[in-house]
Amino acid sequence: MTDRTPPSALPPSPPPAPLSTAVADLRKSYERAELSEDASQANPLRQFDLWLGEALSAQLPEPNAMTVATVGADLRPSTRIVLIKGYDERGIVWFTNYDSRKGRQLAGNPFAALQFHWVELERVVRIEGVVEKVSDEESDAYFASRPLDSRIGAWASPQSQVIAGRGVLVANAAKYAAQFMLQPPRPPHWGGYRLKPEQWEFWQGRKSRLHDRLRYRQEGGAWVRERLAP
């Protein structure tokens, strides 16, 4: 028999769940690896080198991307994503526009925090410390190694300033390309920063939210390694 119930008599469909509820219900169980005191490196730089190497070997998307957090004169923190360009015993290096918002904030408050998040490996690395500009020689050498379009772009973009539209960038790029041809020099407002770590934290996701967290901090010129509760 054909169902002849009129559409108006059908029970109404339940309203969709609020987006906030859907987000709150997201869950992930972290079960890939562990991080123990015995298996970790005594020097945090060695541990970072090991984990970054594993992120590279796993061919993760942009494993060199890191969040940089700075604080302005108004005491409000701000973050942005940059790319690590080098690291050694002296610290972590990246390059940017010195006149940008982060550059102005670092000029007034030379402390920052960095964070790497390798989602696929269920790992986070946090680094805190004091920041200084790298030498002109280091900035010149890295700038010269960049693709031509990127070198022109460093001149074309008044980073963090309000502009009328994308046409401003396109016009600036054309102007500087014509001016410098194939040999654009490094802009005086562009160069590198180096964060000298004072504290590291390595986070490995674990089951039941009982994550592994190892912190390294300076004490008497040596690194002290200690476990933090998740």
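Colleague: Where do I begin? How many helices and strands are in the protein?

Modeller: Begin with the count of elements. The protein has six helices and nine strands. Keep in mind that this is a predicted model.

Colleague: What is the radius of gyration of the protein, and what would a compact globule have?

Modeller: A compact globule of 230 residues would come out near 17 Å. The protein has 24 Å. Then look at the box. Along the principal axes, the C-alpha atoms fill roughly 85 × 55 × 40 Å.

Colleague: Next, burial. What share of the residues counts as buried?

Modeller: Buried means under 20% relative accessible area. By that cut-off, 34% of the 230 residues are buried. The accessible surface of the protein is about 14100 Å². Carbon and sulfur atoms hold 54% of that surface.

Colleague: What do contacts say about residues at least 24 apart in sequence?

Modeller: Take contacts between residues at least 6 apart in sequence. Of these, 64% join residues at least 24 apart.

Colleague: Now the inside. Which residues of the largest nonpolar core touch the most other members?

Modeller: A nonpolar core is a set of buried nonpolar residues joined through side-chain atoms. The largest one here has 29 residues. F48, M66, W94, W118, V125 and W200 touch the most other members. Several elements each supply at least two residues of this core: α2 (44-57), β1 (65-71), β4 (91-97), β5, β6, β7 (190-204) and β8 (212-219). Helix α2 gives the most, with five residues. There is also a second, separate core of 10 residues, which includes V134, F143, W155 and W190.

Colleague: How do I read a helix by its buried residues? Which residues of α5 are buried?

Modeller: List them, then ask what they pack against. Helix α5 spans residues 148-156. Its buried residues are R151, I152, A154, W155 and A156. They pack against α4 (136-145), α6 (166-180) and β7.

Colleague: Back to α2. Q47 sits in that helix. Is Q47 buried or exposed?

Modeller: Q47 counts as buried because its relative accessible area is 2%. Beyond its close sequence neighbours, up to four places away, Q47 touches L35, S40, Q41, F202 and Y216. Now compare chain and space. Q47 and L83 are 36 residues apart along the chain. Their C-alpha atoms are separated by 19 Å.

Colleague: Now a loop. Where is E122 found?

Modeller: E122 is in the loop between β5 (111-118) and β6 (123-133). With 5% relative accessibility, E122 counts as buried. Residues up to four places away aside, E122 touches K28, S29, Y30, E31, R32, W203, Q204 and G205.

Colleague: And the strands on each side? Are H117 and R123 buried or partly exposed?

Modeller: H117 lies in β5. H117 counts as partly exposed, at 49% relative accessibility. R123 is in β6. R123 is buried, at 10%. H117 touches R123 and V124, not counting residues up to four places away. With the same exclusion, the contacts of R123 include A33, W51, E54 and W203.

Colleague: Last, backbone angles. Which residues other than glycine have a positive phi?

Modeller: Two examples are E62 and R209. Phi of E62 is near 45°. E62 lies in the loop between α2 and β1, and is exposed, with a relative accessible area of 55%. Phi of R209 is near 65°. R209 lies in the loop between β7 and β8. R209 is partly exposed, at 39%.

How values were computed
Residues are numbered from 1 along each chain as its sequence is written. This is a predicted model: local features need pLDDT of at least 70, side-chain atom pairs count only at pLDDT 80 or more; totals for chains, interfaces and linings use all residues. Side-chain values use heavy atoms; hydrogens and water are left out. Helices (H or I, at least four residues) and strands (E, at least two) are DSSP runs, numbered from the N terminus. The radius of gyration is taken over C-alpha atoms; the globule rule is 2.2 Å times the number of residues to the power 0.38. Buried means under 20% relative accessible area, exposed over 50%, partly exposed in between (1.4 Å probe, protein chains only). Contact means heavy atoms within 4.5 Å. Accessible areas come from the Shrake-Rupley method with a 1.4 Å probe; for residues, only the protein chains shown count as cover. A nonpolar core is a set of buried Ala, Val, Leu, Ile, Met, Phe, Trp, Tyr and Cys residues joined through side-chain atoms within 4.5 Å.
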